[in-house]
Amino acid sequence: MTVPRNEAGRPWNELARLDGLTSVLDPADARGGKNRLIHRVHLRALSKALGPVRGERALDFGCGTGRISSWLVRNRATVEGVDATAEMVDVARANVSGAAFHVIDGSSLPFEPERFDVVISVYVLQYYVTRDEHILRELTRVLRSGGRLVAIEQVTDSDIGRGASSAEYRRSFEAAGLQVVRIDPVRRFDSRVVHVGQRFPLLSHLPGLASLAMREARSVDMSALTGGSYVDALICTRKP
């Protein structure tokens, strides 16, 4: 599996050395407010989609430095994370106790069939959805029957080097043997709410701001994301 460069155009092993959320979200957000609010939006969307995960066997695919794994551990899931960048996995192991992390090399996963109750992937499948569909088939293989794959990925109709249209995501997930339950926008790329958090970082801590950003995204027409526009979308699927 060839690991693509992220939207910042920098190699992942270099980004792993950055502090906090800058390593896995926007490296240019030096003041932290934008990344903090995006992270809160992602966790809120996952929480609403997954419900209680206590006792569930969870795979964090493309775990990076462990921001989603940490949340899963706090919510009492049994967590394993995988990533293709060894430096990211090293940071995840240092940051997150109570989870097992693995470096993967290639498109195959080192797990037996139907090992996991839930698979979570955030900002990872957008780099592969139109390039390497074997990855989705592998995620389906290690997911138990009735289990869920929940992702947050960027949806766009433009060529921005990552992501795909909502129709392309749906086709790819269904081709891998998953039933797509829904695809919902959760953050606009031009979110005014997130812009406020970026400009005034202390405000990114305010209760309710993540919900406001998600509410703002509901008006997006995901069939008309042209001119470089995109949304973060929650993709909920189930294995029959």
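Colleague: Let me start with helix H4. Which helix and strands do its buried residues pack against?

Modeller: The partners of the buried H4 residues are helix H1 (12–15), strand E2 (78–83) and strand E3 (99–103). Contact here means heavy atoms within 4.5 Å. Helices (DSSP H or I, at least four residues) and strands (E, at least two) are numbered from the N terminus. Keep in mind that this is a predicted model, where local features need pLDDT of at least 70 and side-chain atom pairs pLDDT 80 or more, while totals for chains, interfaces and linings use all residues. Residues are numbered from 1 along each chain as its sequence is written, and side-chain values use heavy atoms, without hydrogens and water.

Colleague: And which residues of H4 are buried?

Modeller: In H4, which runs over residues 86–95, they are Met88, Val89 and Ala92. Buried means under 20% relative accessible area, exposed over 50%, and partly exposed in between, with a 1.4 Å probe and protein chains only.

Colleague: How should I read their spacing?

Modeller: An α-helix has 3.6 residues a turn, so residues three or four places apart point the same way. Down the axis of H4, the buried residues fall within an arc of 95° and therefore line one face of the helix. That arc is taken from the directions between the helix axis and the C-beta atoms.

Colleague: Is Arg76 buried or exposed?

Modeller: Arg76 is exposed, at a relative accessible area of 52%. Compare Tyr123, another residue other than glycine with a positive phi, near 60°. Tyr123 sits in the loop between strand E4 (116–122) and helix H5 (134–141), and at 11% relative accessibility it counts as buried.

Colleague: Let's zoom out. How many helices and strands does the protein have?

Modeller: There are 8 helices and 7 strands. The radius of gyration is 17 Å, close to the 18 Å that the globule rule gives for 240 residues, so the protein is as compact as a globular protein of that length. The radius is taken over C-alpha atoms, and the rule is 2.2 Å times the number of residues to the power 0.38. The C-alpha trace spans about 45 × 40 × 35 Å along its principal axes.

Colleague: What share of the residues is buried?

Modeller: Of the 240 residues, 53% count as buried. Among contacts with a separation of 6 or more, 73% come from residues 24 or more positions apart.
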